[in-house]
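Visitor: I am new to this one. Please show it to me, and let me ask about the words you use.

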Amino acid sequence: MSSVGIIMLVHTAFERAEQVIRHWVRGDCPVVVHVDTNVPDATFMAFQEALADLKVMVRFSTRHRCEWGTWGMVSATQDAAEMLLTKFPDVRHAYLASGACLPLRPVEELRSYLDGRPRTDFIESATTADVPWTVGGLDHERFTLRFPFAWKSNRRMFDFYVGLQRSFRYRRKIPEGLVPHMGSQWWCLTRQTLSAILQDPDRKAYDAYFKRVWIPDESYFQTLARLYSQNIESRSLTLSKFDFQGKPHIFYDDHLQLLRRSDCFVARKVWPRAGRLYATFLSKDPATLKAAEPNPGKIDRIFAKAVDRRTLGRPGLYMQSRWPRQERDNSVTSFPYSVFEGFTELFENFEFWLARETSARVHGHLFHPDRVMFDGRQDHFQGALSDSAALRDYQPQMFLTNLIWNTRGEQQAFQFGPSDLQKIGPIMARDRNAQISVISGAWAVPLFLSNRNFADIRVDAARLQQIENAHLKELRSPDTKARVRIWTMADFVDNPMEALQTIVDEMTGTSVRRLTEAPRMVDLQGFGQFLQNLKNQGMHPYLMGDFPVENAMPAPKQKVRKPYLVRK
Amino acid sequence: MNSYRLRLRRKRFKLRARRKGLQLKALANRTDQIEAGQILLFCTCRNEDVRLPYFLRYYRDLGVDHFFFVDNSSDDGGAEYLAGQPDVSVWSTKGSYKKARFGIDWLTYLQMKYAEGHWCLTVDVDEFFIFPFCDTRPVAALTDWLDSSNIRSFGAVMLDMYPKGKITDVPYERDGNPLDIAPWFDAGNYTISRNPAYRNLWIQGGPRARVFFADKPKKAPALNKVPLVKWSKAYTYVSSTHMLLPRGLNLVYDEAGGEKASGVLLHMKFLDTFGAKAKEELSRQEHYAQSAEYMAYVDGMKTSPDLWCKWSEKYINWRQLEILGIMSKGNWA
């Protein structure tokens with residue numbers, strides 16, 4: 001009846017191991033247990049004692065020292081496997097598991113699954129060229145260098161010795177006929193294959209070779225099975241996921257539904273105190289037998305996402321445990337946003353118009369020196385950002401980062417100009433997420449419309465022009481990553497609709513809809529003369545391009561009545 | 001050079017803790033109950049009796065095995081209450097809170113003596129620790145995972161919680177969950193810079209910066225904390241639990257773009273007890289920077305005690321905080 005036998009390697013959490021062993025035995029599977037020599041004898045004896053009532057089905061094999069990545073693990077497995085095959089002659093499949101492995105499906109299901117595949121060896125086995133999961137950059141080299149030092153306890157010597165061999169271009173000879181393969185150490189092999197490996201006349205030579213291979217437990221059986229197996233299914237029946245440091249992910253009580261739906265036979269590794277998992281999966285399940293194939297897809301995705309989060313993180317998020325010195329693509333934000341410079345000066349209802357055309361959230365001058373001009377001039381905004389200029393100016397980059405992060409999913413647009421806080425200028429210019437549209441020189445329009453003394457206007461104009469010029473230089477620098485468009489005011493006024501259409505198309509991501517309504521431009525009659533006056537005062541306004549001294553825009557003409565003709 | 005200076009400073013702090021440890025008098029010492037691998041909690045308090053029952057309940061549920069309290073001359077019966085608890089050890093002192101580096105010297109002394117090799121949670125009575133999966137996994141799951149990942153310290157930013165309306169509107173009842181009264185927080189107005197000397201991140205913001213420090217944001221209180229540490233005799237906290245020495249323990253963040261796992265301390269400062277507390281602390285002058293913080297509070301409380309705004313966020317669970325980017329699961333799944 002016992003067509004499946006278990007080899008279990010235990011070194012900790014003995015109560016859980018005992019529970020699992022009892023589960024296997026209840027399912028009529030013999031178990032050969034290996035306990036690490038690192039475990040104190042007293043603990044080992046107590047463990048043996050606890051399982052004394054199962055003497056017939058549970059055996060303990062010769063104890064070895066199993067340090068991670070060393071040969072001990074393999075020789076422990078070899079001895080246990082030999083014991084399993086000799087003491088339990090009706091075992092057809094040997095399943096290698098650890099003390100932290102938890103069977104997820106009834107033993108009966110595993111048995112019938114294996115009965116249906118009597119000649120199949122389930123062992124993940126791939127050549128080094130084909131797998132990405134190697135720790136420490138040692139893939140093929142793990143078969144061609146020598147590794148007498150343990151990686152975990154003697155890291156310095158390990159690294160030194162690897163470096164030494166590399167510098168002498170030392171290469172070991174791989175025994176004749178072997179093609180190095182690696183894969184998960186948790187396998188399920190048939191008696192035929194396993195005994196062929198263990199009784200191989202060349203075993204001595206192979207063992208001698210693998211003793212100095214790096215992490216032999218991931219390659220010994222994986223390589224040798226290729227010599228003898230008639231039918232290798234290169235996958236492990238044990239669900240076991242590794243994170244980016246090569247240590248196994250752990251399962252907890254809240255993974256219960258996931259594990260249940262995965263239809264995997266065994267999961268590794270389970271937290272010893274995950275009481276609900278043990279209670280659920282080790283209870284006698286009255287459910288009818290399922291013939292489902294293991295399907296760990298969903299669990300794969302969850303763990304893959306966890307690794308991504310740890311290695312890549314969420315771009316544009318600055319928080320207590322993510323503080324990139326430099327964002328991969330230099331952006332300080334998480335989502336595209338648009339900056340408009342000179343538009344509210346030239347158009348009377350620009351913010352309103354833009355909000356309607358693009359459905360973006362349109363703010364005023366966020367970096368206004370007096371206060372933050374949020375949409376609707378609210379005193380707070382998303383994420384409880386305050387409109388206090390002092391708070392914003394404390395760390396302007398964080399303000400921008402926070403605003404864009406808080407509103408992710410909704411596009412933000414805001415106004416900017418030479419009277420605003422200029423510190424943010426270079427930051428936006430380097431930000432790949434910024435779309436910056438500038439009508440250069442438009443700051444002159446409010447001056448032109450203002451009712452102030454010309455001498456004051458002249459001073460302001462000179463200052464603003466200088467600031468904007470410096471800003472434009474930043475935008476035109478080769479480091480700029482933002483999508484920048486700059487029009488001189490003269491060019492823009494010449495054909496505003498085309499420019500606006502380009503901007504809106506880029507914001508909405510479509511180019512289907514034609515703009516039907518333009519924002520209302522301020523009356524520029526006399527603007528050319530205004531600029532000429534500045535020039536006459538010795539201040540040369542050059543950023544707005546060429547405005548003829550005559551009316552820049554033809555003044556709206558009085559409608560001339562058509563002559564009234566009467567025909568006879 | 002700098003690291004030698006820090007080493008000396010660490011040694012000095014340890015000596016100081018030994019000296020200040022003499023001020024402690026044991027009211028109840030149950031440390032003989034502590035077993036290997038248990039999780040310990042350290043806390044100083046003064047006149048917080050009303051908060052203690054819920055505090056103990058919260059952390060017992062989380063899976064803390066033993067509590068260490070230093071009671072700084074309470075007169076509300078809190079120390080006696082603590083001494084009567086089966087899993088609490090209490091020391092009392094009449095020494096100056098300020099001169100004991102705001103209580104840290106006392107705790108460092110106790111940690112030196114009892115915490116070697118244990119995971120230690122160091123929090124205030126108004127701080128409630130939240131970590132990824134805290135609704136389904138005990139804190140031991142976290143510490144086991146940290147152990148297996150060779151991580152020694154775990155960061156948790158302070159998140160100031162506040163009620164809607166005036167702080168004094170709803171009184172806090174003994175053994176009540178403060179979260180029922182003050183479930184609101186600021187989701188995204190935090191600023192971060194790096195402290196090159198200790199390598200910790202310096203985080204400011206939240207309602208305290210927004211309301212009490214809007215005109216002097218630089219002075220706003222620090223929110224970064226490292227409350228959970230696998231303790232070794234050589235360690236010491238430097239300024240509250242904001243940072244530690246050796247400074248490698250402060251590297252709870254990733255600089256290459258990834259996210260390390262991190263938690264949150266829900267900071268329940270703003271209950272109806274706050275106004276009285278602020279006044280008392282101001283008169284005692286026992287707090288940081290000449291109690292500038294409390295000065296700002298007392299000023300602020302006179303004019304606008306409502307911290308709530310239209311964009312305040314209401315607390316639901318840790319997953320919400322993780323989506324908002326306030327904490328992270330890192331690679332724990």
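Guide: In chain A, 44% of the 568 residues count as buried. This is a predicted model: local features need pLDDT of at least 70, side-chain atom pairs count only at pLDDT 80 or more, and totals for chains, interfaces and linings use all residues. Residues are numbered from 1 along each chain as its sequence is written, and chains are lettered from A and ligands numbered from 1 in the order in which they are written.

Visitor: What makes a residue count as buried?

Guide: A buried residue has 20 or more other C-beta atoms within 10 Å of its own, with C-beta atoms placed from the backbone.

Visitor: Why is chain A called more spread out than a compact globule?

Guide: Its radius of gyration, taken over C-alpha atoms, is set against a rule: 2.2 Å times the number of residues to the power 0.38. For 568 residues the rule gives 24 Å; chain A has 37 Å, well over that, so it is more spread out than a compact globule. Its C-alpha trace spans about 120 × 65 × 55 Å along the principal axes.

Visitor: Why is H1(B) called roughly perpendicular to H4(B)?

Guide: Helices are DSSP runs of H or I, at least four residues, numbered from the N terminus. Helix H1 (residues 2-21) and helix H4 (residues 104-114) of chain B pack at about 95°, with axes 8 Å apart. Angles of 65 to 115 degrees count as roughly perpendicular, so H1(B) is roughly perpendicular to H4(B).

Visitor: How many residues of chain B are in contact with chain A?

Guide: 50 residues of chain B are in contact with 48 of chain A. Contact means C-beta atoms, placed from the backbone, within 7 Å. H5(B) gives the largest share of chain B's side, five residues.

Technical notes: Two residues are in contact if their C-beta atoms, placed from the backbone, lie within 7 Å. Helices (H or I, at least four residues) and strands (E, at least two) are DSSP runs, numbered from the N terminus. A residue is buried if 20 or more other C-beta atoms lie within 10 Å of its own, exposed if 12 or fewer, and partly exposed in between; C-beta atoms are placed from the backbone. Axes are lines fitted to C-alpha atoms, for helices over the stretch in contact, and angles run from 0 to 180 degrees between N-to-C directions. Angles under 35 degrees count as roughly parallel, over 145 as roughly antiparallel, 65 to 115 as roughly perpendicular and the rest as oblique.
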